[in-house]
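Here is a walk through one protein model, written for someone who would rather look at side chains than read a methods section. Keep the structure open beside the text and turn it as you go.

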Amino acid sequence: MTVRLRFAPSPTGFLHVGGVRTAIYNYLYARSKSGKFLLRIEDTDIERSKKEWIDVILDGLKWLKIEWDEDIVFQSERIDIYKEYAEKLVREGKAYYCFCSEEELEEERKIQKLEKKPIKYSRKCLKRKKEEIEKFLKEGKEKTIRFYIPEGETKFNDLIHGEIVFKNEEIEDFIILRSDGTPTYNFACVIDDNYMGITHVIRGDDHIPNTPKQILLYNALGFKIPEFAHLPMILGPDRKKLSKRHGATSVLEYKEEGFLPEALFNFLALLGWSPGEDREIISREEMIKIFDIKDCRKSASIFDRNKLLWLNSEYIKRKDLDELVDISLEFLRKEKWWKREFEKDRSYLKKVIELTRERAKVLKDIPYLIEYFYIDEFGYDIEGVERYFGNPKVFEGLEEIKSEFEKLSEWNEKII
């Protein structure tokens, strides 16, 4: 059996580090098993899905060199297929039409709250007579399609967490097709994973409550159930949910800031998985050889930006010099003081960058680090002058150093 995995983002916002880590693990597992890594865009939310977000997702994956196999699957192009499967389940008695309005459902929930009962759909429409249903259909009354939850329990063996069991009575008859004809997440996900031949589903553990619903759908549709692995969350240094202030920004912002894609890939791959021996720097090629989803931790990982900066600085030190010069030029050209004529003497630029790369944490640092090799006039920090040169004794020391420098016959490293 060929292993087939997928990354399935929704184009309703930027591609953040949590999503990228999920993509990386799917990619690594697929490559480690000589399988296929596929990409699906879950764009059935017509109001929130935008073309520019799709571009952001694709650009982010390309920058990180997470290459997918086969054509991209767009859910928005498969709406008729979801409708067909939903109607099939209705005919087989595994789903039913629900004509309840949002107001009726809200009233039902209020009563359940007051009576301190579990908040779940009452199956009011399941109890409707056939004649009433046909009448509503003929009138074109607005409806959704709900999946009928059978009795019993649903369990699965998670590749990270082990066996997980859900009681079916705790799951309500959820909607699989909205009134506008678009599918809900769980329904479209199951149909597409089957269509794409997905064998393993690796995703965040916030999806664990979705898994029993999906397994029930797999069984109802007669599809083969894939294996599941749910990744623990990534937390900020304060052990709270990762937010924008922690680093949950668009992956392309890391590119703009001057992080190397291989450094970010390395960093995110180690947020929940370890190659052993406390190794921090490991190439993509080696990861592919040794990666196994079963080696992932069950506990949450901490996003440490300082560690990312350190790792990026290490990659900058090890980067091929010509490549480093080329990508540094992208940042140098944004500086007002930089002139295109400086690029004519590439050998000088290479020497300058070679000399300063040790101090760079991100590529954005390089213009600042090399500026004094090209510019004679500098501004200065007035507060710094007052703080350091306010004491007259400082000048005595500087005068002494100056007089020693003036005695030098040659100006080279050894003599200085």
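Predicted model: local features only at pLDDT ≥ 70, side-chain atom pairs only at ≥ 80, totals over all residues.

**Two lysines in loops**

With those element names in hand, look at Lys 65, which sits in the loop between α2 (51-63) and β3. Lys 116 has a loop of its own, the one between α4 (102-114) and α5 (130-139). Neither residue is a glycine, yet each has a positive phi. Here they are side by side:

| Residue | Phi | Relative accessibility |
|---|---|---|
| Lys 65 | about 60° | 47% |
| Lys 116 | about 55° | 77% |

Are they buried or exposed? The cut-off for exposed is over 50%, so Lys 116 at 77% counts as exposed. Lys 65, at 47%, falls between the 20% and 50% limits and therefore counts as partly exposed.

Now turn to the inside. In soluble globular proteins, nonpolar side chains tend to be buried together. In this model the largest nonpolar core has 76 residues, and Ile 293 and Phe 303 touch the most other members. Helix α1 (residues 17-32) is the biggest giver to this core, with 9 residues. Which residues does Ile 293 touch, leaving aside those up to four places away in sequence? They are Tyr 25, Tyr 29, Leu 159, Ile 160, Ile 202, Ala 229 and Leu 231. There is also a second, separate core of 43 residues, and Phe 136, Ala 188, Ile 191 and Phe 228 are among them.

**The largest pocket**

Helix α1 turns up again here: it gives the most residues to the lining of the largest pocket, 6 of them. The space in this pocket comes to about 950 Å³. Its lining has 34 residues, and those nearest the centre are His 16, Gly 18, Gly 19, Asp 206 and His 207. Elements that give two or more residues to the lining are β1 (4-7), α1 and β9 (200-204). By residue type, the lining splits into 15 nonpolar, 11 polar and 8 charged.

**Strands**

Strand β1 also belongs to an open sheet of 3 strands, in the order β1-β2-β3 with parallel pairing. The edges are β1 and β3 (73-74), each of which pairs on one side only. Between β1 and strand β2 (residues 36-41) there are 4 bridges, and Arg 6 stands opposite Leu 38 in β2.

For an antiparallel pair, go to strand β6 (residues 153-158) and strand β7 (residues 162-167), which are joined over 6 bridges. A hairpin through 3 residues links β6 to β7, and the bridge partner of Thr 154 is Phe 166 in β7.

**A buried aspartate**

Asp 193 lies in helix α6 (residues 185-195). Why does Asp 193 count as buried? Buried means under 20% relative accessible area, and Asp 193 has a relative accessibility of 1%. Asp 193 and Ile 225 are 32 residues apart in sequence, with 9.3 Å between them in space, C-alpha to C-alpha.

Definitions and conventions: Residues numbered from 1 in each chain as written. Heavy atoms only, no water. Core = buried A, V, L, I, M, F, W, Y, C linked by side-chain atoms within 4.5 Å. Buried < 20%, exposed > 50% of the residue type's maximum accessible area, 1.4 Å probe, protein only. Contact = heavy atoms within 4.5 Å. 1 Å grid on protein atoms, 1.4 Å probe; cavity = no way out; pocket = protein on both sides within 12 Å on 5 of 7 lines; lining within 4 Å. Points joined across faces, edges and corners; volume = space filled by probe spheres on them. Nonpolar A, V, L, I, M, F, W, Y, C, P; charged D, E, K, R; others polar. Pairing = 2+ DSSP bridges.
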